[in-house]
Number of protein chains: 8
Amino acid sequence: MADAPRTAHLGHTRLDLDRARRTGLPEAIYAAGKTPQQCVEIVSRLLESGDDPVIVTRTRDEHRDALAPLSPVATVGSTLSWRHLPTAGIAPVVVVSGGTSDAPVVDEAIATLQACGAPTGVHHDVGVAGLHRLLEVVPELSDAAVVIAVAGMEGALPTVLAGLIAAPIITVPTSVGYGSSLDGVTALLSSLASCAPGLTVVGIDNGYGAACAALRILGRGPTSEAP
Amino acid sequence: MADAPRTAHLGHTRLDLDRARRTGLPEAIYAAGKTPQQCVEIVSRLLESGDDPVIVTRTRDEHRDALAPLSPVATVGSTLSWRHLPTAGIAPVVVVSGGTSDAPVVDEAIATLQACGAPTGVHHDVGVAGLHRLLEVVPELSDAAVVIAVAGMEGALPTVLAGLIAAPIITVPTSVGYGSSLDGVTALLSSLASCAPGLTVVGIDNGYGAACAALRILGRGPTSEAP
Amino acid sequence: MADAPRTAHLGHTRLDLDRARRTGLPEAIYAAGKTPQQCVEIVSRLLESGDDPVIVTRTRDEHRDALAPLSPVATVGSTLSWRHLPTAGIAPVVVVSGGTSDAPVVDEAIATLQACGAPTGVHHDVGVAGLHRLLEVVPELSDAAVVIAVAGMEGALPTVLAGLIAAPIITVPTSVGYGSSLDGVTALLSSLASCAPGLTVVGIDNGYGAACAALRILGRGPTSEAP
Amino acid sequence: MADAPRTAHLGHTRLDLDRARRTGLPEAIYAAGKTPQQCVEIVSRLLESGDDPVIVTRTRDEHRDALAPLSPVATVGSTLSWRHLPTAGIAPVVVVSGGTSDAPVVDEAIATLQACGAPTGVHHDVGVAGLHRLLEVVPELSDAAVVIAVAGMEGALPTVLAGLIAAPIITVPTSVGYGSSLDGVTALLSSLASCAPGLTVVGIDNGYGAACAALRILGRGPTSEAP
Amino acid sequence: MADAPRTAHLGHTRLDLDRARRTGLPEAIYAAGKTPQQCVEIVSRLLESGDDPVIVTRTRDEHRDALAPLSPVATVGSTLSWRHLPTAGIAPVVVVSGGTSDAPVVDEAIATLQACGAPTGVHHDVGVAGLHRLLEVVPELSDAAVVIAVAGMEGALPTVLAGLIAAPIITVPTSVGYGSSLDGVTALLSSLASCAPGLTVVGIDNGYGAACAALRILGRGPTSEAP
Amino acid sequence: MADAPRTAHLGHTRLDLDRARRTGLPEAIYAAGKTPQQCVEIVSRLLESGDDPVIVTRTRDEHRDALAPLSPVATVGSTLSWRHLPTAGIAPVVVVSGGTSDAPVVDEAIATLQACGAPTGVHHDVGVAGLHRLLEVVPELSDAAVVIAVAGMEGALPTVLAGLIAAPIITVPTSVGYGSSLDGVTALLSSLASCAPGLTVVGIDNGYGAACAALRILGRGPTSEAP
Amino acid sequence: MADAPRTAHLGHTRLDLDRARRTGLPEAIYAAGKTPQQCVEIVSRLLESGDDPVIVTRTRDEHRDALAPLSPVATVGSTLSWRHLPTAGIAPVVVVSGGTSDAPVVDEAIATLQACGAPTGVHHDVGVAGLHRLLEVVPELSDAAVVIAVAGMEGALPTVLAGLIAAPIITVPTSVGYGSSLDGVTALLSSLASCAPGLTVVGIDNGYGAACAALRILGRGPTSEAP
Amino acid sequence: MADAPRTAHLGHTRLDLDRARRTGLPEAIYAAGKTPQQCVEIVSRLLESGDDPVIVTRTRDEHRDALAPLSPVATVGSTLSWRHLPTAGIAPVVVVSGGTSDAPVVDEAIATLQACGAPTGVHHDVGVAGLHRLLEVVPELSDAAVVIAVAGMEGALPTVLAGLIAAPIITVPTSVGYGSSLDGVTALLSSLASCAPGLTVVGIDNGYGAACAALRILGRGPTSEAP
């Protein structure tokens, strides 16, 4: 742990100013449990130090209103970001979703990837109930550096995909569905118990986490760019 | 409830001698919770009355030894049967399984169907991790009267199937798998939450129940044959 | 998979224009996770292609307001439909419910069946706490092609029914009840563990799914009508 | 709490010598978690003090062998008892079971009731899959002081019963069944969520507890006999 | 089942006009899943037939407003009732609660008991964290015909009570508490697993069910009054 | 139980006026399940008797408005308190949290400790994803009398802490996080299953309970102060 | 973290030779997942370094046979220990259990405490079903430095205790009980949701963990003894 | 899907001879649910076709005895393998475990990786209760291509690791632990809910799956070697 890592104290929050240096990933602010004012203070402080990307996820309208004066570079769904890295000239991370209702989770992953300079691709609504919809995008997925499979309900999409392509696959189970979907638990268990080998999973609805896992595989982020 | 239904008392057991007349399904004996001697008494009594098929499921060695003197017509896995109905000249019930380890559940379904005169077909090990294995049997499934899909682990097989064929599909989740398979609960939830419409489900490992549901669809059994 | 299946891209949605041809079931739009505008775009696109029925389930007021200009043929509860098939001259699908509060699920099943041309019957509120209420409708159920049993709370209705009639029975557990009903999980487990053979189950509150399963049994839908 | 309650110390165990005086129920020894030697010491000590019935439940062979020299008055299944109260001349407690495999739980209830002087009746195997089996015993149940309904699998028996008779009904869910029966949890939830009013429940497989609840209703036991 | 039971059809509801005759309990209407108009129709129809008490539980303001013109005899919390039976001159049913927040469940039980003519007593807030609060009411509980113990959080109250008194005890677990109370599941499991024998349980928050169980024990209700 | 404990009856509530004398902890009022008027009555009555601290937790705006005329000494988040004990000159109870969003639970603990005279310290946002943030506060924690570790999500903070310091550690799992955090269950299980010995846990979000446990360790409260 | 902590590598195991110095607790070996040979190697290595106590928990016969040549100082149930600290002259840690079957967990706690020099007391079988059994030991518990409450089934013992005494209380839920006890989960939830403030909990059956938590409170262990 | 994939039928099993070509991963045989004879037939058939590695996991003694005549190249724990690929000259996959008892899962991952030609490293027993044990291996982990973190109990290891290194991390929760570890569910939830970004998870005890996910990241396997 060579140099002592730097920390910034904001009273309610203790900022980790070296996370990107250690892990290749910028610190993201999870807005859902914070007041708009807390988010503004944290983002302001981060923008004053270093030059890593800054990301805020799960904002509501009041968060976005409060953060607007800080001029985010991009707002994708409920994710805001500042100081994007330039997009790298490498194979893309491709995100596929099982259905239209999974879009907010797809957006969170895409927003995170783009802020960190990863090239991206998206295919919405390729669930296995219409298998040809998935099969027609398979060739494109085979060229991906990483595939992120976003799926709710029974979560069969990643399993079928894992039998068809050789790329790393990261599953994001979503809380889309009702009744027996159990708010995403069914899709989560489904990917964990999959008969198709080599599938990995992140938490329910965690598009940000899937993007970070993909960035780890790419070796992307400030550290590996400029150590 | 027209004529008073007939019942036979054996002390520990109260036999429903008219179940087949009412429901088109013979009474089956679930051996797992009964002593070999109780099974022998029940089967003997049933063989003395009427002429419906008699089925005993989930036998262990000691049950099979005790029942052998009663000369079962067939022993398939742990299921024994007597007084089979003649096989009808209709479209078959086809049973497909996701993996080799699902075989005991497949056997229970097949044994029940054959005892009641339903023509059957079987395709073992067509799980979706190797999609072409499933696709090569799809044409045959399209001709089935009913398809029974037996699958453990993540249970994606029935969902994929339901997007490909128009026949009625009955899913049997199995307790095959480990860890996150949760003894079949994952496969069960997966089918219940499926994005593919028109999938129905029976209890975990319940091959007998799936066969009975198929027989209801066929309108098979003593009643509908000879009312 | 003969001819390449046709797909329509709407950006957020990838429509499966051949689902009815393959599975005998029209594609239904689940409104709950979609904006009114997305629903309008999808329905408009579907009405432009082919002549299969179009169904939208789980609409809220804002969805229905937005879809009204597209002139649905029928609005039953929260389900809208277009381009109904003519009602076939066959034995009906009869839906029974355990209590008055199950009505929205009953409506979803009936609306789907009617759009696809299946003759239907309904008996509300025949729960087993007043057994004679059920017994007085049993004769009518015996003539049904399929019985859909909709029940919440303890879900005993399908089990009792399965001991009385020979028709195929599809259970829809509902989230009706409170406390120990666990939002439908109790009724779901009850049907899956039933001592009565040949009961099949669909997901909690999934009236649409039960109707589709019944349509599979009837061999109904555009495909089997006009292949 | 009038007189100070009496206690006997055995090192590993602290005997409550006045439980019967307070609650009308003798202290029972649950053998499953105790060594045969501990059971012998406890029973010996109880037989030396007072004249209440003594009951040992859930014995295995080694417990029964060790306790045989203490000459139990009755051994019913795995329950042993000493110093029975004379049978009272009152309406009986009637135990009904859903299936033959529920017999061990029925036995535990019956053994406890008989030791405490309650008249008893039993009807095995009257599950609702053959409704007439239950209906033919209903008249007899209507005369009962209390009905104990022992049922596993989906546990529909107590619900149906509660719609037919006015007597107090105590349900014992059993771990009989497999897969989706979840070792009795399904039957437990089913009775708790029942649409039939006035049903009460004890723990899974707890035949002893159900008998004690019935004894409370009867006002039976040493206290109320001889205060 | 002697005389054919009488039923009244209201379209959405099938009234069981003889439930009281069979089970000694009037049919109660669970308002939560019904519209105010449905409740009015059902109550009106019941008031036209026979002379049993009529009870409506879980009303909201709009239900109470709609039902007011039907002049309920009593409104206790969210429970309304008509045609009370005269209070019998017998030992009372005493309801105890663990805390002030359990009051709505206590009210539901008391309202039901009073409508059916059972004398009642109440002790609020005698939870075991202040044991003397409970001990000071024990003498009064010992004279009760039945004790209903209403408790949320960890649900220890009924267990302690069952070691102190001989009367029948019916536990109602409540959803009072937060976090690890799991909406009543903890209190429910606690009573079911109790080390104190003879405790029975009804569903979470089910004050109505507990009252009905007490009425069964009392042999109260129209039937036993006037057969 | 020496002198008879004193109790005050308020109809809906039975106040335990001697809890502090017995347990060293004042009775706290959990406002969430009570009306503002009930809270006012209870606090008023407690302020009239004895001189123990009085604490009200989980207030909403309407509770605070109603209680304002009673002039609370402190309002920390949603916790109000009266009659604080003087702060003792002993080692402090230090509260650490994993993230900014855990603040309400931290506040509840701090408010309770301060009302009872315990010196306190706080370190917000020292979660293990930035290990150096935790390591930089470890020296200060080593001097604490008790450490309260407040953590949601995966709850790894207390485990890491328990390997680094010798002080007693009380974990409060919080419902902070989403999806797989399961409203605090994950953090709860994590601490209970911890590989680090000597960690204790209180209920999810229960900052008040953790403070009380710390006060028990300090031997603080009215009793030990003035017996 | 002053001096670099010392570690010993055994291939399969990496020994933490300074845990006692940091946390005041010796490293214990959990035998259940290790071979007898691995246990022998680890204990031998620990006995060669420093002079802290060494503890092995959850041994089976084969572990004890293999470890016998290393001459343990004490064997209490399945726990072995070496190099005990001298017993300190302070208030004792008192362990109470709800029933005789909880003894193995009591033994594990006592063995750990004694090896580390804490004075101990034990009261077996004081469950709340016989409240006077508990009340008669309360005076003794009031003098304890810490009380460890070991209880399975419904786990009401710690809640009642917490209302009666001021000492720190650590609950160990046990897997004693059957059916609805859910292998200790019920007792665990019960203590976490307790209405009695200041109760802390360790994992199910974790007598070792409870002892370590008590040792943290005592400030016992090699470090605080000889720093 | 270019060339039709090749399949081999063995009756009970349908071999996917092109999985490696599509997914870069050889088909592994899960022995636990298969007879020794079935394993022999499958391995023999695979060895006859192509030249991909062949792996059998979860063997018991009888499987290993039956497979010995087929001369496996390596036997690591319960995993057997044939036809290893040459080890590639790239950064290694490093496997770390929380404790000695996790060794069987570590072995399964290592065996799979080595058969497929990935260079490997292992660090046993670096759980976070002794943080310096982990910190001393961090430098080595920073050079890894992929880190597989194997941890049971509370599963904090991967979370701490994810805050320290930039490499891709794959978590394998293990069923090591007891009581509240819930057979691995606690460790699983812990990683899914982690506050540390970019952590991915495979199923409980699934060392084989983690190895396959690592191989996908490496782009290893027959396909990527020889397309």
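Visitor: Anything to know before we start?
Guide: This is a predicted model, so local features need pLDDT of at least 70 and side-chain atom pairs count only at pLDDT 80 or more, while totals for chains, interfaces and linings use all residues. Residues are numbered from 1 along each chain as its sequence is written, chains are lettered from A and ligands numbered from 1 in the order in which they are written, and side-chain values use heavy atoms, leaving out hydrogens and water.

Visitor: How many residues of chain H are in contact with chain A?
Guide: 31 residues of chain H are in contact with 31 residues of chain A, where contact means heavy atoms within 4.5 Å.

Visitor: And what area is buried there?
Guide: About 2,500 Å², with carbon and sulfur atoms giving 61%. Buried area is the accessible area (1.4 Å probe) that two parts lose on being put together, summed over both. On the chain H side, Leu192(H), Pro197(H) and Arg216(H) lose the most, together 27% of what that side buries.

Visitor: Which helix or strand gives the most to that side of chain H?
Guide: H9(H), with 6 residues. Helices (H or I, at least four residues) and strands (E, at least two) are DSSP runs, numbered from the N terminus.

Visitor: How many salt bridges are there between chain H and chain A?
Guide: The count is 0; a salt bridge needs a side-chain nitrogen of Lys or Arg within 4 Å of a carboxyl oxygen of Asp or Glu.

Visitor: How far apart are the closest C-alpha atoms of chain B and chain F?
Guide: They lie 14 Å apart, and no contact joins the two chains.

Visitor: Last topic: what is the strand order in the open sheet of chain G?
Guide: The 4 strands run E3-E4-E6-E5, with mixed pairing; two strands pair if DSSP finds at least two bridges between them. Strand E3 (28-30) and strand E5 (74-76) of chain G are the edges, each pairing on one side only.

Visitor: And how do E4 and E6 of chain G run, parallel or antiparallel?
Guide: Antiparallel, with 3 bridges joining E4 (residues 54-57) to E6 (residues 79-82) in chain G. Val56(G) stands opposite Leu80(G) in E6(G).
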